[in-house]
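This briefing is intended for a reader who is meeting the structure for the first time. Please consult the sequence and the 3D view while reading the points that follow.

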Amino acid sequence: MTEAASRKTPLYDEHVRLGAKMVAFAGWLMPVQYTGIVAEHQAVRNNVGIFDISHMGQFIVASTPSSQKSGGEGAAATWLNMMLTNNIDKLDVGMGQYTFLLNERGGIIDDLIVYRIGDQNFLLVVNAARTEEDLAWLQEHFSVPVRIEDRSANFGGVAIQGPRIGELFHALFGKDVELPPRNAIADLPFGETTVSVARTGYTGEDGIEVFFRATNAVKFWNAALEKGKPLGIKPCGLGARDTLRLEMCYPLNGSDLSPERNPIEAGLGFFVDLSKPNFIGRDVLLKTKENGLCEKLVPFRMKEKGPPPRPHYAVFQNGQRIGEVTSGTLSPSLNWGVGMAYIDAAHAKIGAEIDIEIRGQKFRATIEKKPLYKKSTS
Amino acid sequence: MNIPDDLFYTETHEWIKREGENVRVGITDHAQSELTDVVYVELPKMDRHANAKEAVAVVESVKAASDIYAPVKGTVVEVNKALEADPGLINREPYGQGWIFVLKIDNVDELKQLKDSEAYRKQIG
């Protein structure tokens with residue numbers, strides 16, 4: 001992907017002004033870091049940080065007015081329940097859930113969050129790199145009177161994450177306005193406009209994701225930085241976003257998830273409701289459950305302080321190759337090498353020792369429980 | 001960007017300081033800023049002989065691992081052990097305490113192929 005072909009988010013000029021190092025990511029020019037990945041990571045763990053997530057795709061799925069007249073009120077929910085793995089019926093209006101869009105083989109096209117913003121009105125927030133593919137897949141599988149609108153180009157978004165989110169939220173929206181509950185989304189007035197605030201994130205810290213019209217992006221971004229200044233806010237890039245999510249073992253699409261992997265192998269069966277009578281990929285997942293897994297995604301931690309693990313490093317046990325690393329880094333919170341790898345399911349036991357091959361040399365690691373980093377609750 | 005005039009440079013962003021029959025080698029201020037926070041350094045083996053442009057060390061940031069090359073043919077006679085405990089020295093003092101290794105040069109003439117500060121400044125634009 002060439003930089004010339006990359007699109008700019010509505011916050012591009014702000015990133016450049018702040019001295020961000022810009023990189024091409026999923027077809028967009030995005031900040032990888034401003035001052036440094038470690039400092040930005042720590043700002044989110046200790047205070048608060050703000051990320052541009054305008055590159056993410058945003059779809060609205062709704063029942064068409066004609067379907068509602070003809071008695072098909074549930075069209076949008078019914079159809080989404082066919083397309084996605086989690087159960088839409090469990091969502092009250094104003095709530096969101098993590099879910100998967102699968103192909104016929106049970107492989108992951110995308111992982112996303114779906115919010116029920118009206119009875120038959122849904123907001124889907126999808127990965128930037130998969131936006132076009134998702135849309136094509138959804139349109140290909142239209143069978144009921146449902147309308148799907150890709151609003152990605154006209155909308156932007158930010159994630160504001162960290163333990164001081166409450167203070168910043170009240171500074172931005174007013175001291176009497178309540179933070180939406182975990183996984184909820186609410187439309188809130190901001191100046192002369194309205195923004196959608198969801199209590200979600202990808203960092204393991206308390207936080208919100210805010211979606212707004214692209215024309216309001218700069219105003220909101222700068223307001224958050226201004227009000228967040230006394231709280232120690234930092235603008236954070238993709239680098240910190242990656243280390244934060246990996247410490248929590250949140251998967252990254254394209255690295256830990258792919259059309260060749262299914263949610264059960266990825267250890268994310270919790271977000272698949274096999275009790276639903278039908279959804280795309282269900283048959284394959286049922287068979288996977290029945291026959292057992294071939295490979296499984298496991299978190300691991302290096303035994304010694306040494307070189308950090310990286311994607312594509314080979315994994316061994318007793319000299320036998322058993323898998324490959326999909327995500328790896330030096331965890332800034334632990335100051336230690338951590339990662340995730342797909343390995344033979346037979347070896348995927350918590351506490352088991354594995355070897356990661358780094359530049360021809362093997363380094364010992366231990367299979368861990370999720371998450372790799374747990375905040376002390378003192 | 002700091003590019004001292006009394007050093008030589010390579011296309012691969014190493015700096016070279018002549019010390020008699022030896023050269024001291026590190027990575028430039030520009031390189032450390034591009035790499036971001038250095039979290040691990042794999043030092044060259046002592047007494048290793050390397051050709052010019054041969055990878056001898058690895059500098060790892062949070063994001064990626066990058067090879068460091070021998071600027072000229074020579075033998076490793078000193079390595080900066082301090083980087084094992086504090087790899088961030090490369091970010092904080094790229095031209096000082098952040099040096100990586102010292103090579104005993106095989107052929108002093110090879111130094112003529114290195115860039116001066118002006119040429120390096122031009123390279124990174």
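Strand β1 (residues 8–9) of chain B is joined by 2 bridges to strand β2 (residues 14–19) of chain B, and the two run antiparallel. The model is a predicted one. The points below begin with the strands of chain B, turn to that chain as a whole, and then take up chain A.

**Strand pairing in chain B**

- Phe8(B) has Ile16(B), in β2(B), as its bridge partner.
- A hairpin is formed by β1(B) and β2(B), with 4 residues between them. In its turn, His13(B) has a positive phi of about 75 degrees.
- β2(B) also pairs with strand β3 (residues 22–27) of chain B, in the antiparallel sense and over 6 bridges. Within β3(B), Asn22(B) stands opposite Glu19(B).
- β2(B) and β3(B) likewise form a hairpin, here with 2 residues between them. Gly20(B), in the turn, has a positive phi of about 70 degrees.

**Chain B as a whole**

- Chain B contains 4 helices and 9 strands, and along the sequence these follow the pattern β-β-β-α-β-β-β-β-β-α-α-β-α.
- The radius of gyration of chain B is 13 Å, close to the 14 Å given by the globule rule for 125 residues, so the chain is as compact as a globular protein of that length.
- Taken along the principal axes, the C-alpha atoms of chain B fill a box of roughly 35 × 35 × 20 Å.
- Of the 125 residues of chain B, 42% count as buried.
- Among contacts in chain B between residues at least 6 apart in sequence, 63% join residues at least 24 apart.

**The sheet of chain A**

- Chain A has an open sheet of 3 strands, in the order β1-β3-β2, with mixed pairing. Its edge strands are β1 (7–8) and β2 (21–25), each of which pairs on one side only.
- β2(A) pairs with strand β3 (residues 28–33) of chain A in the antiparallel sense, over 5 bridges. Pro31(A), in β3(A), is the bridge partner of Met22(A).
- Helix α8 (residues 238–247) of chain A packs on the sheet and touches β2 and β3 of chain A. The direction of this helix makes about 70 degrees with that of β3(A).

- Leu172(A) lies in helix α6 (residues 165–173) of chain A.
- Leu172(A) is buried, because 22 other C-beta atoms lie within 10 Å.
- Apart from neighbours within four places in sequence, Leu172(A) is in contact with Ala223(A), Ala224(A) and Lys227(A).
- Leu172(A) and Pro145(A) are 27 residues apart along the chain, and their C-alpha atoms are separated by 39 Å.

Technical notes
Residues are numbered from 1 along each chain as its sequence is written. Chains are lettered from A and ligands numbered from 1 in the order in which they are written. This is a predicted model: local features need pLDDT of at least 70, side-chain atom pairs count only at pLDDT 80 or more; totals for chains, interfaces and linings use all residues. A residue is buried if 20 or more other C-beta atoms lie within 10 Å of its own, exposed if 12 or fewer, and partly exposed in between; C-beta atoms are placed from the backbone. Two residues are in contact if their C-beta atoms, placed from the backbone, lie within 7 Å. The radius of gyration is taken over C-alpha atoms; the globule rule is 2.2 Å times the number of residues to the power 0.38. Two strands pair if DSSP finds at least two bridges between them. Axes are lines fitted to C-alpha atoms, for helices over the stretch in contact, and angles run from 0 to 180 degrees between N-to-C directions.
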